[in-house]
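Subject: Structure for your review

Hello,

The structure is placed below, followed by notes on what was found in it. Please read the notes with the coordinates open.

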Amino acid sequence: MSIAERLITRTLPNGPLSKGIALSVLLALSVSAPAAIDRDAGYEPVAPTVDQARANILIARQLQFTHFRDLGINDDLSGDVFDAYLDYLDGQRIYLTQEDLQKFSAIRMGLGSALKTGQLQPGFDIYNVVQQRIIERLNFALDIINEGVDKLEFDSDETIRLDRSEAEWEPDRKALDQLWVKRVKNAVLAQRLNDSDDEAIEDSLRQRYEGQLNRAYQARSEDAFQAYMNAFAGMWDPHTSYFSPRTSENFNINMSLSLEGIGAVLQADNEYTKVVRLVPGGPAAKQGQLGPADRIVSVSQDDEEKPVNVIGWRLDEVVDLIRGPRESTVTLEVIPASSTDETVTKTIAIKRDKVKLEEQSASKDIIEFERGEQSYRIGVVNIPTFYADFKAMQEGDPNYKSTTRDVRNLIEELKEEGIDGVVMDLRNNGGGALHEANDLVGLFIEQGPTVQIRNSNNDVQVLNDEDPSVAYDGPLVVLVNRMSASASEIFAGAIQDYGRGLVVGSQTFGKGTVQAVRPLNHGQLKITQSKFYRVSGGSTQHKGVIPDIDIPSRVDKARIGEDALDNALPWDQIEAVPHARYFDFSGIIDELRQRHDERFDASPEFRLLQQEIDFLKDQRDMDAVSLNHEERKEHQSQIERTRLTISNARRELRGEAPFETLEELDDWQDVQAADIDSTDEELDFIIREGGDIMADMLELDRRMASILKSEQLAAQAR
């Protein structure tokens, strides 16, 4: 198979991956739009194979005897697997009814024993019923569209629930019909509010539903098996999952290879494809508009007039559609993570390119400011990921690139420029090479343990920095946010435990587990086998790292983070290992927090950030929207006015002219997104705050200037 025929994927082994199968969108081949469908054709039920049954038995054994979590397969687990499987197949509860669930009642408590012995038919029976119900629902929606959307009324006080994941199942088909009329009306209304005419709306929705219907008719045995095994494996933890033979082929890639595409990690999320994270240095990250938890609605290529609706598509098919040759442009229509209404979308054009190691490399900058008569120069080191050129390392290249080597060089350059302190920026750093996190801690401490790793047998391995040299002994601040995960959390936690510096930002992701990929006779199993613990004994799992000084974030912690995932392993702790403690911040931390709060209270930038956070929270807290045209129009206008007001207030702070309309704002944002050299005002604002906290530290305690001087002063005091 040539490289052009492969889907090459990249997953940082310690990065935050949600449940399901995560794939990087990297290369590209064109995929044709769905063929015309025969709505009178019958659904052909799928059936398990002998190879799948054997793989199921192997998976059950691996989960019971080698997973970090000790969990047996029993009647209680049967019910949980049943519920998880239905969530996987019909998470929004829009296809099945209570009548269907009653027919499944005999299956519910017998799944455990069947899964231990490779009896897959019960799971396949459920899958086939769901596929049949999907076909029925889509045909029902198409009938409404074909009758004409002008027949629908939008002057009542009807509403529709936005998130039905916790809703009751509709009792019967009649009730489900009423729900689907509302769903179609909601989709029509959203497009009318975007100034689409009825003919265009009918064409768009017909393409959407026919595309989903085509996928339902093309269901494969492997689709059912993968869905069933992932519901089963997910009982142990959200990072344990089954990879089909094709997905297995796509799973691993050497971290140092050049990658081509948009650089986004995707996963299946019910009928949508969702963005898990962006690859640092990739086209999507540079473009700036695509974000974690965005859901992809449609995909279009340079030469295509109409986008291809991908709702209901398999993940690998969406990936194939997004892939493409370098320098070509792919346009994604997405539901933003901040949107509670799935009919509100935005369009993002991304030019495909390679993701090269040097574009993920650490970089430096200097911020300067004055406090009275005292001036400060603070070095800022940005680390997008923990990387290492393994290939060059194995070939014995003495100049191979790695995070630690690059940061050491950057720090030497900063010291020559006369800095007073260093801010390490790990925001949005999803992890990477574990040994690089260990080595990076070593640049800031003399020597000692950096992280503990415990396996399912309670054996604990301690990673140590054996090098007594210190690259930088001055004051240190580490910036983190919700997307800082795994290796980033190991580094931040160690700096905090050693009292080597302050951690500033928002609570981190909480990904504190280690996975291994094990071959099966049919596909592979990614299974959690170990857990990370800080040198102080507490795990980074679930809780992450709690900053010493908190800065609010736009990210919704209820949706993004380890503690937002089903069946995530809990936080716990083991014995601490002996380690040094360079500074005791307890005497000054209250004063540092008070100064920080006072600055933020007086900062117009922070007030705008808080206003935007409150606005996004209000949108996320909405549980329903109106299907009345006038009410919905006013609601949308209110959202647009708020967006415009916040954006114009930011422009006023920069001395720039305000936008007259939302269209002007959107056009400007498109231009900014296309300019990879443009800066994010919020990021600059928070980096400056990191510098201010550094200055506060130096003013309150001059011993912060050097850990070596601190030790000398402590020795003199003794």
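Which residues in helix 5 meet which residues in helix 7? Gln131, Ile134, Ile135, Leu138, Asn139, Ala141, Leu142, Ile145 and Asn146 in helix 5 meet Glu202, Leu205, Arg206, Tyr209, Glu210, Gln212, Leu213, Ala216 and Tyr217 in helix 7, where contact means heavy atoms within 4.5 Å.

On provenance: this is a predicted model, in which local features need pLDDT of at least 70 and side-chain atom pairs count only at pLDDT 80 or more, while totals for chains, interfaces and linings use all residues. Residues are numbered from 1 along each chain as its sequence is written, and side-chain values use heavy atoms, with hydrogens and water left out.

Overall

The protein has 21 helices and 22 strands (DSSP runs numbered from the N terminus: H or I of at least four residues for helices, E of at least two for strands). Of its 718 residues, 56% count as buried (under 20% relative accessible area; exposed is over 50% and partly exposed in between, with a 1.4 Å probe and protein chains only).

Helices 5 and 7

Helix 5 (residues 121–147) and helix 7 (residues 198–217) pack at about 160°, with their axes 9 Å apart (axes are lines fitted to C-alpha atoms over the stretch in contact, and angles run from 0 to 180 degrees between N-to-C directions). The two helices are therefore roughly antiparallel (over 145 degrees).

Helix 13

Helix 13 (residues 403–416) has 14 residues and reaches 20 Å from its first C-alpha to its last, close to the 20 Å expected at 1.5 Å a residue (1.5 Å times one less than the number of residues). Its buried residues are Thr403, Thr404, Asp406, Val407, Leu410, Ile411 and Leu414. They cover an arc of only 160° around the axis, which puts them on the same side of helix 13 (the arc is that of the directions from the helix axis to the C-beta atoms). Their cover includes strand 12 (363–371), strand 13 (374–382), strand 14 (421–425) and helix 14 (434–442). Just after helix 13, glycine 418 takes a positive phi of about 75°.

Helix 11

Eight of the eight residues of helix 11 (residues 315–322) are buried, so this helix is largely enclosed by the rest of the structure.

Most residues other than glycine have a negative phi. Asparagine 428, in the loop between strand 14 and helix 14, has a positive phi near 65° and is partly exposed at 46% relative accessible area.

Regards

How values were computed: Parallel < 35°, antiparallel > 145°, perpendicular 65-115°, else oblique.
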